[in-house]
Amino acid sequence: VKRVGILVLPVSISLGLINIHGVSDVQFASYLGAGGVAAMTYAFRIYQLPEALFAIAVGTVLFPTLSKLSARDDRDGFRSTLVMGLRAIFFLLIPISMLFLVLSEPIIRLAYEHGRFLAGDTSLVASTLFFFAFGSAFSGGSALLTRAFFSLRRPWIPTTLALVNLGINALLNWLFVFRFDMGLGGIPLSTSAVSTVTFLALLLLISNRTNKGRARNS
């Protein structure tokens, strides 16, 4: 019980930081006039849908296997299972990201344009979704890598990285929106940049950790 209690704390913080990240983005969007917050919300729902359907599903399915392999100290099996999961996520999310980049406006029109949601609103939300799409696959990959660290009983690593990236995201939001005058598109671009950096950092950290395990076993 004590061990579980210790592990629950960083996991809870990590999950809570996702909401804080969203609050930060909405706060910056609120400075951009009427419609900015709504556009972020509508675009974020579409952006999160593939990750919820595929990346979270892959992570949920593989998490027990990764935990079992970690408990057995089977680093080769752990690595191969993790690589398989990442390949599946990127195989599914990269084509969807490309679809968002090419067909963002038709997708938003089909999903939302009715009633009081007009053509101008479609254009604003579609431009927001366009910039979100750059980080979709990396965000999905990060979700699996985070679970991999949880299975290794090293939850503070992704949690600490998430805390650092929260500040980086706020800084990039400020730079893109106010310094580079990118408007609303700067906020999802910042999210995509942070998602990419997070994925690469998590991948490097977990590769170093599993490679050390292999070297020790050999």
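Ala, Val, Leu, Ile, Met, Phe, Trp, Tyr, Cys and Pro count here as nonpolar, Asp, Glu, Lys and Arg as charged, and the others, Gly among them, as polar. The model on screen is predicted: local features need pLDDT of at least 70, side-chain atom pairs count only at pLDDT 80 or more, and totals for chains, interfaces and linings use all residues. Residues are numbered from 1 along each chain as its sequence is written, and side-chain values use heavy atoms, with hydrogens and water left out.

**Stop 1: the largest pocket**

Select S14, L17, I18, E51 and S139, which lie nearest the centre of the largest pocket. A pocket is found on a 1 Å grid over the protein atoms alone, as an open set of points where a 1.4 Å probe fits, with protein on both sides within 12 Å along at least five of seven lines; lining residues have an atom within 4 Å of a point. The space in the largest pocket is about 1,000 Å³, where a volume is the space filled by probe spheres set on the points, and points are joined across faces, edges and corners. Its lining of 39 residues divides into 20 nonpolar, 15 polar and 4 charged. Now colour α1, α2, α5, α6 and α7, each of which supplies at least two residues of this lining; α2 gives the most, with 11 residues. Helices are DSSP runs (H or I, at least four residues), numbered from the N terminus.

**Stop 2: the largest nonpolar core**

Next select F78, L82, I108 and I206, the residues with the most contacts inside the largest nonpolar core, which has 42 residues. Such a core is a set of buried Ala, Val, Leu, Ile, Met, Phe, Trp, Tyr and Cys residues joined through side-chain atoms within 4.5 Å. Buried means under 20% relative accessible area, exposed over 50%, and partly exposed in between (1.4 Å probe, protein chains only). The largest share of this core, 11 residues, comes from α3. Stay on F78: leaving aside neighbours within four places in sequence, F78 is in contact (heavy atoms within 4.5 Å) with residues including L66, A148, L152 and I206.

**Stop 3: aromatic pairs**

There are 14 aromatic pairs in the structure. Rings of Phe, Tyr and Trp (its six-membered ring) pair if their centres lie within 6.5 Å; planes under 30 degrees apart count as stacked, over 60 as edge-to-face and the rest as tilted. Show Y31 and F178: the ring centres are 6.2 Å apart and the planes stand at 65°, so this pair is edge-to-face. Y31 sits in the loop between α1 (2-29) and α2 (36-71), while F178 is in helix α6 (residues 156-179), 147 residues apart. Y31 is exposed at 56% relative accessibility, whereas F178 is partly exposed at 40%.

F90 belongs to helix α3 (residues 75-112) and F138 to helix α5 (residues 136-151). F90 is buried at 19% relative accessibility; F138 is partly exposed at 25%.

**Stop 4: two loop residues**

Most residues other than glycine have a negative phi. R153, in the loop between α5 and α6, has a positive phi of about 60° and is partly exposed at 40% relative accessibility. Finish at D181, in the loop between α6 and α7: its phi is positive, about 55°, and D181 is exposed at 65% relative accessibility.
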